[in-house]
Amino acid sequence: MKKTGKIVTWIVTAGMLLSLVSCGQNSADHPGLQSLGADILNGDDSMQATGAGGAVASTGTQGTDAGMTKDGGTARHTDASGGGLYLLASQKQQSVCYTQDGYYYLPGQPESLSDGSYGSRLMYMDFATLQEVYLCSNAGCNHNSADCQALCLYDEFPPFTALLFVYQDALWILSREGEDNSMYVDSTESVSLGSKMKEMESVLYRMNLDGTDRRKVHTFEQNVAVEDLVLGDEEGIYVVEKEVAAKQEGTHTYYTSMSRRLVRVNPDTGQETQVCSLDFGDGIQWNILGGYGNELLLSGTDYGRAYTQEEYYDDDTYKTLLENSVEIYASLDLDSGQKTERYRISNREENCDRLVGHTLYVSSREGGGIKAIDLDTGAERTVCVAEGNYYYIWDVVGDKLCCKDQSWDSTFYYIDMNTGTVSHSPLVNLSLGWSLEFKAVLDQDVLVVYDYDAVASGFGGYEIKRFQYGLISKEDLVAGNGNYRKIQMVGRGE
């Protein structure tokens, strides 16, 4: 049996689309305890769920974003203004990004090309015309050869791991192999991870928003892994690098990250500069939830004692460890390198979080309420109290937290971040009654997958032939009015 820190499995059932992504980036992301809470529905890449009571999600990327831009948009809305750090790309929505004008995505399933090679084509949905097109302006192009402007060859852009984002009025791709696992257990193979790493290479590409003038800006060293998170500010693009070490214990080989560091890449020259170390010597695996001002918001699980790798990978032992642990949130000042604790909460019950601007929102099954923590002043306030209920923070729509309640049905609840008022929207996918998939939160509208072209495949499952995208106003979405403006699709969608 082999457990890996990065497992991607797609299962389609009669009631839901299961997107099971186990990420070794967070020490709380235990392989055996991945529940079907947050990951069960194709939701957002933003929040982190921790605690023994439910889903354990990866840092900052389960649906739309792990943090927020300074103007309150989601992390994939990269039209940031003013100074300060903001999230550009993250793990669970790697190969998509958007502006107020349109939505970009790189399909995860490569296709065979005319010369026998494989690749995917960059797609673009224009919000003004409600039309999807290939991101290619070559007249007469059949989009099936290396001459296609939109083509991303499989060997250069591995599927499911490339990070796509918009920064400084340009479209960027961070091509990476994805072997950045903090914990990787292999009981059947003796292949050295070091030899694997030397075969891998992460590259940062830039192109114009119309797909023209694609070029390499920076190539990272082969002996380091680049994590699946990108931030930005006026000075450059930030990523996390780390080295990976192997340790043999019995019949298992454990791979752990070491020498984690935040680096900045100059977008004009491609020069790389180390900003600070992310190794603090406190025995806690710290993960980046997002940025605000000149600080990073980190989260980490404090188990209260040292533990062995065997304990970590034993489900029963780990469950006890998790129940007695606390989740700590801390800010890291990039100028001074000082880490300051901001909030902590017990992991005995399930918790989830969301960074919005300079405010951290935390929801807990214990007590059923949502708290807001001002990261600048430390002031705490109760957003809402929901005794006997638990609101899982799924996304942010304007001034409202979009949530699932503990029933985990297909609908959403919207909680006003200022008043705590809770409203319920019955909108679900038209064909199958599954949850809407949020793809982009704009100033006025939300891009959602509201329907599927689906064919029953037996045993209660479905084969999705096409994802149908549409724009809906924020007001209609919250009110439950299904006034979708349909995108004319040419691709399958994702």
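In this predicted model, lysine 404 places its charged end over the ring of phenylalanine 412, 4.1 Å from the ring centre.

Across the whole structure, a search finds 23 aromatic pairs. One of them joins tyrosine 307 and tyrosine 312, a stacked pair with 5.9 Å from centre to centre and 20° between the planes. Tyrosine 307 is partly exposed, at a relative accessible area of 23%, whereas tyrosine 312 is buried, at 1%. Tyrosine 392 and tryptophan 408 form a tilted pair, because their planes stand at 55° with the ring centres 5.4 Å apart. This pair links distant parts of the chain: tyrosine 392 lies in strand E29 (residues 392-397), and tryptophan 408, 16 residues apart from it, lies in the loop between strand E30 (400-404) and strand E31 (412-416). Tyrosine 392 is buried, with a relative accessible area of 1%.

Turning to the strands, an open sheet of four has the order E33-E34-E35-E36, with antiparallel pairing. Its edges are strand E33 (437-441) and strand E36 (485-486), each of which pairs on one side only. Four bridges connect E33 with strand E34 (residues 445-458) in the antiparallel sense, and alanine 440 stands opposite leucine 447 in E34.

As for confidence, the protein averages a pLDDT of 81, and 78% of the residues score at least 70. Over residues 1-47 the pLDDT is below 50.

Notes. Residues numbered from 1 in each chain as written. Predicted model: local features only at pLDDT ≥ 70, side-chain atom pairs only at ≥ 80, totals over all residues. Heavy atoms only, no water. pLDDT = per-residue confidence, 0-100. Contact = heavy atoms within 4.5 Å. Pairing = 2+ DSSP bridges. Helix = DSSP H or I, 4+ residues; strand = E, 2+ residues; numbered from the N terminus. Phe/Tyr/Trp six-rings, centres within 6.5 Å; stacked < 30°, edge-to-face > 60°. Buried < 20%, exposed > 50% of the residue type's maximum accessible area, 1.4 Å probe, protein only. Lys NZ or Arg CZ within 6 Å of the ring centre and 35° of its normal.
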